[in-house]
There are 2 protein chains.
Amino acid sequence: MQGDALVIFTPSGKRGRFPVGTPVLTAARQLGVDLDSVCGGRGICSRCQITPGFGEFAKHGVTVAPDALSEWNAVEQRYKDKRGLTEGRRLGCQARIQGDVVIDVPPESQLHRQVIRKAATARDITMDPATRLYYVEVAEPDMHEPSGDLERLARALDQQWSLPRPQVTPPVLRKLQPVLRKGDWKVTVAVHRNHDEERGRIVDIWPGLHEGGIYGLAIDLGSTTIAAHLCDLSDGRVLASSGLMNPQIRFGEDLMSRVSYAMMNPGGDAEMTRVVREALARLASEIAAEAGVDPTLILEAVIVCNPVMHHLLLGIDPVELGQAPFALATSDALSLGAADLDLVGINPAAQVYILPCIAGHVGADAAAVALSEAPDKSEDLVLIVDVGTNAEILLGNRDRVLACSSPTGPAFEGAQISSGQRAAPGAIERMEINPATKEPRFRVIGCDLWSDEPGFAEGTARTGVTGICGSGIIEAVAELRMAGLLDASGLIGGPEQTGTSRCIPQGRTFAYLVHDGSAQNGPVITVTQGDIRAIQLAKSALYAGARLLMDELGVDKVDRVVLAGAFGAHVSPRHAMVLGMIPDVSLDRVYSAGNAAGTGARIALCNIAARAEIEASVHRINKVETAIEPRFQEHFVAANALPHATDPFPELSRVVTLPQVSFNAGGADGGGRRRRRG
Amino acid sequence: MQGDALVIFTPSGKRGRFPVGTPVLTAARQLGVDLDSVCGGRGICSRCQITPGFGEFAKHGVTVAPDALSEWNAVEQRYKDKRGLTEGRRLGCQARIQGDVVIDVPPESQLHRQVIRKAATARDITMDPATRLYYVEVAEPDMHEPSGDLERLARALDQQWSLPRPQVTPPVLRKLQPVLRKGDWKVTVAVHRNHDEERGRIVDIWPGLHEGGIYGLAIDLGSTTIAAHLCDLSDGRVLASSGLMNPQIRFGEDLMSRVSYAMMNPGGDAEMTRVVREALARLASEIAAEAGVDPTLILEAVIVCNPVMHHLLLGIDPVELGQAPFALATSDALSLGAADLDLVGINPAAQVYILPCIAGHVGADAAAVALSEAPDKSEDLVLIVDVGTNAEILLGNRDRVLACSSPTGPAFEGAQISSGQRAAPGAIERMEINPATKEPRFRVIGCDLWSDEPGFAEGTARTGVTGICGSGIIEAVAELRMAGLLDASGLIGGPEQTGTSRCIPQGRTFAYLVHDGSAQNGPVITVTQGDIRAIQLAKSALYAGARLLMDELGVDKVDRVVLAGAFGAHVSPRHAMVLGMIPDVSLDRVYSAGNAAGTGARIALCNIAARAEIEASVHRINKVETAIEPRFQEHFVAANALPHATDPFPELSRVVTLPQVSFNAGGADGGGRRRRRG
């Protein structure tokens, strides 16, 4: 055939005329169609798979003849024999245009394929990571025109991929020569280039086409737990997720006690830096093992964390964060080498990106939540609450976003609760108390049955019933209140007042017996007066923070509440509202965002434009400092009571009115005391 | 006074009119006059000292009134009381213009003051180092406009010094907060910005005005010795120079034997990397101690070295440098952190610059020689010979420059010589042999007397006479030849042939007895047949390299010879020419350049434009590869003989004609054997 042919790409709809004989990949590139290729069209990488359509396309007004593409060739056959190729697929670099044709680019062949779809915010994240693979053919050395192997590689990257003047890391320099020779001057390089960099950086190199994949870590470094996702940097898939306890807990459970530790113990900050870095390195190697991935193929990490974790990770004494004006050593996003953070085990040239902090008490984790939940793109007024040992709170819409942090303490994570534990199999995560009989029923993680259903004992035989996790204690306290076992001030009634022997004396106060596992050598699980106080303090702090932002914005209600954090994913919105943790709003306007900070880290790992976006938007977020705001204290004190003695959502539960309940048990509240039996 | 006044600066001659009341520093800056200031005109640093001139200035056509500058003020008085101020000097930031005035900027107040004047090449080097001090006043943190301390420091650097978006190193991040507070938000920062960088990097920070100075190391890393200069980065002064043996010698004396060691011993390259890095760190700390400088104030280093040292320093296996096509892993200049080279002890954020390599056998040391001696700026044809274990040879003029490297081996450095030693007190460095009596006289390092002068024994009592260094062995061999004790092939005659009992049998050959110190328990120092052979090989390699370049350029003589290297500084040009080490040229056209590679490193340390210049010019140097060039072998063989039996410079010495001399002593030459008695 001679002349030009019409080529229409779907789903983009891009079209153009090309000379007969043009490879599909070339046509796609000229039209700006998003078609992947690592090898640059050499028929090696198979990333450019396309699906030609044949026959009538009324919508496009074309008829595609059976010979609209060149014949299936030997390169394609070899690839198919070796690795398989879905029926109907062609390699875009091999198939040449012979006539008018409609070409579909399947999602997995799109370079900027969608990876994270945020339903709540209608936001799509497409793949555009900082680290990418490039296959290049490098000129061989010539004694008469001497130049280093690196310089010839750099020239190839510039000429073949328009990557000018790449920098190089010492580990790559060390392996450069043997790899170039092993690959017979054809190599794959991983180049890292951040959104604000003109020059990239070669982070690794492999002989020939590298088919082992490259990976990144999205890390949410919390005060209590460290969570990580291992992601494939080519398509954004999460290959494994894992977590471990922050070993700094032994220096203090909450942030301020760690700051105090650093202030009172010379070298204390360095010790905390050391243990958290060791934990990150261990987590990285564990998650790689879990996914069966060579840890040296982890080429990048994104870390989000609160300001105190941020400083301790970087080896900065956090003392300034413990006192007004709460000055951060640095607030902007940081790009570091893995070695700067002693992140051993992963690729030694791996690059680490840390999101910007918003303010002295509102960290990179809050920035990550903002990136994930995008309040600045919201039409309606959204309150986002990320509950950890500190709660990050964002309130706003596309006009304005406010942020603050509130020291809830670790109670919501099951710490400082007498029978508390982290969310793990055996932990009570749901609870109901019958308002008539005052008897509890509950569910534990790892078993779908309620405790009063047949088969529960068998279903929990392996794990036992070991304690109460964060979501369980919320439900327990709310149910105690609705069952008339707690008064509005949070006092547990005695057996005479409540009419149930489950209210047992404990010192000068009472506790509610949830489960006695002692016959099976298990623990006796109670909710103590101290537990109630710890939850009251935590929920008051959370509520006061949200109210403070609402005051600042001059509103007394919000349109939507997003509960984020591992806790937010599991807590019952109804019970949270019974407790008064969050402002009242229609239950169907409460959403769970899961680990939004972790999602934000993952977004920043997969998409460098998102980094630019959050770096710009943190400067537009208005920070409110709870620690020095007198109204925060007022709201905090006012929020101490348990407002709803009746279920505020009667359609979901029977109404029990207990306005008259009031107990007197001596005043001592045992707050903060810990007891665990069994 | 009102209105404008004329201000003329000398020596620049720059002039302009300024409103009365303008500080002299401000006027200087607006005119682009080179007047230093670290504190930005705050009357703290005193770098802006100027000398006003009063009275008639016919040349400039002005008369300067006694009150042309504002009165001596309290800031100046305080500075004078505290540190002293030369009579007649003023502080440019304090003295304000009141009337027409002539202002002299003394050399030490010039920011770009001249530091290295190269007479031979008429080249001046002015101070323009990559690392400079900047005094800044930083905004205090504001809770309501939260931004990190680093970000406010960066803003201050941009606003007060036009340094946009400085990067920061983790060690600086760690000390940032306490230093800002200790300095009450006034700090001095050292910023490193290389010639090809838009953004600088903060390498250190001090409270208030830092008055402790900042320093840099210029390091010449040779195969046998490592030499370093410690320079003041504000004025380029050399505070101390020091050296030590390259500990890699134990893995092989010359480069190729180290490459072999790496090839034959797994991990051998890593071991050599380790020991040389340790040596650099030790040298840095020793030189700092010698100069009485805090080693953490060493903020920069420039390193020059041959390609094998270059790769071993960087941790790159040098195996490719041992075989054609002699491909370098990297040839361009490198910028690294001190930690990348385990250069501990100096400032942990110190930056290291390594000059570019010219080719696989012509390294960054040759580039440094080219930078120092500037053959590309020479009108006449200059041959530059830098003799170390390898000789780097440059030949050319402003039209074209050629370079090669020639494997001379370590004989010129006193190694592989039976009584050889490095140039140190006690070593014979000069020698003469009386052609009539065949008796020697010599001088040793550390004593100005010849050995036959009264007082020599006392003068050398402390050091003794311990051996022969490189320049001594050159003179010894040349003198042996001119005294008729050696034939043209290099054979030492026996006592019967030469008529002197100083020619003593040694195996099947003879040796010449220079000094018998056995009565004083000192060594017996001889020149053996093996020594002659080692020098013949070395000088043949050197001469053949020079000839090869001359062939390439199509010339058979050169206009000028520059001898570089520690050896070049001490060798007698006359004796070198007697031996045939260098092509014949009039003796007054032979120059010693001292350690030109070290000087080149120092230039690159003091002036970033010089870095840009050498990076560009190495690409224009034509490389000639001796190892594969058949003519090199031909020249090498042809150069083995000792050409001059008579002194070629009779005006300097008596003529002794010995064309008939020819010995036969059995053929064995004992080359490479080592003997040392004593």
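The dialogue below takes up the copies, the helices and the sheets in turn.

Visitor: What kind of model is this?

Guide: This is a predicted model.

Visitor: How do you know how chain A and chain B are related?

Guide: Chain B is superposed on chain A by a rotation of 180° with 0.0 Å of shift along the axis, at an RMSD of 0.2 Å. The two copies are therefore related as by a two-fold rotation axis.

Visitor: What makes you say that the copies meet through the same surface?

Guide: Of the interface residues of chain B, 100% are also interface residues in chain A, so the surface by which the copies meet is the same.

Visitor: Why is helix 15 of chain B called largely enclosed?

Guide: A residue counts as buried under 20% relative accessible area. Eleven of the eleven residues of helix 15 (residues 596–606) of chain B are buried, so the rest of the structure largely encloses this helix. Among the buried residues are G598(B), T599(B), R602(B) and C606(B).

Visitor: Why is helix 8 of chain B called largely enclosed?

Guide: Ten of the ten residues of helix 8 of chain B are buried, and this helix is therefore largely enclosed by the rest of the structure. The buried residues include D365(B), S372(B) and E373(B).

Visitor: Which residues make the contact of helix 8 with helix 16 in chain A?

Guide: In chain A the axes of helix 8 (residues 364–373) and helix 16 (residues 608–617) come within 10 Å and cross at roughly 115°. The contact is made by A367(A), A370(A) and L371(A) from helix 8 of chain A and by A610(A), E613(A) and I614(A) from helix 16 of chain A. Five of the contact residues are nonpolar, none is polar and one is charged. The crossing in chain A is right-handed.

Visitor: What makes strand 12 of chain A mostly covered?

Guide: In strand 12 (residues 186–192) of chain A, six of the seven residues are buried. With the cut-off for buried at under 20% relative accessible area, the strand is mostly covered.

Visitor: How do you know which strands pair with strand 12 of chain A?

Guide: Two strands pair if there are at least two bridges between them. Strand 10 (residues 131–137) of chain A and strand 12 of chain A have seven bridges, in the antiparallel sense, and R132(A) has V191(A) as its bridge partner. Strand 12 of chain A also pairs with strand 13 (residues 201–207) of chain A, antiparallel and over six bridges. There, R201(A) is the bridge partner of H192(A).

Visitor: Why are strand 16 and strand 18 of chain A called edge strands?

Guide: They belong to an open sheet of six strands in chain A, in the order 16-15-14-17-19-18 with mixed pairing. Strand 16 (238–245) and strand 18 (334–337) of chain A each have a single partner strand, so one side of each has no neighbour in the sheet. Neighbouring strands of this sheet are turned by 20° against each other on average, direction ignored.

Visitor: What does helix 6 of chain A touch in that sheet?

Guide: Helix 6 (residues 268–291) of chain A packs on the sheet and touches strand 14, strand 15, strand 16 and strand 17 (298–305) of chain A. The direction of helix 6 makes about 145° with that of strand 16 of chain A.

Visitor: How do you know that strand 14 and strand 15 of chain A pair?

Guide: Strand 14 (residues 215–221) and strand 15 (residues 225–232) of chain A are joined by seven bridges in the antiparallel sense, and pairing needs at least two. A218(A) stands opposite H229(A) of strand 15 of chain A.

Visitor: What makes strand 26 and strand 28 of chain B edge strands?

Guide: The order in this open sheet of three strands in chain B is 26-27-28, with antiparallel pairing. Strand 26 (503–506) and strand 28 (524–527) of chain B each have a single partner strand, so each has one side without a neighbour in the sheet. The twist averages 50° from one strand to the next. Helix 12 (residues 529–553) of chain B packs on this sheet, touching strand 27 and strand 28 of chain B.

Note on methods: Residues are numbered from 1 along each chain as its sequence is written. Chains are lettered from A and ligands numbered from 1 in the order in which they are written. This is a predicted model: local features need pLDDT of at least 70, side-chain atom pairs count only at pLDDT 80 or more; totals for chains, interfaces and linings use all residues. Side-chain values use heavy atoms; hydrogens and water are left out. Axes are lines fitted to C-alpha atoms, for helices over the stretch in contact, and angles run from 0 to 180 degrees between N-to-C directions. Helices (H or I, at least four residues) and strands (E, at least two) are DSSP runs, numbered from the N terminus. A crossing is left-handed if the near helix is turned anticlockwise from the far one by less than a right angle, and right-handed if clockwise. Contact means heavy atoms within 4.5 Å. Ala, Val, Leu, Ile, Met, Phe, Trp, Tyr, Cys and Pro count as nonpolar, Asp, Glu, Lys and Arg as charged, and the others, Gly among them, as polar. Buried means under 20% relative accessible area, exposed over 50%, partly exposed in between (1.4 Å probe, protein chains only). Copies are superposed by least squares on the C-alpha atoms of residues with pLDDT of at least 70 in both.
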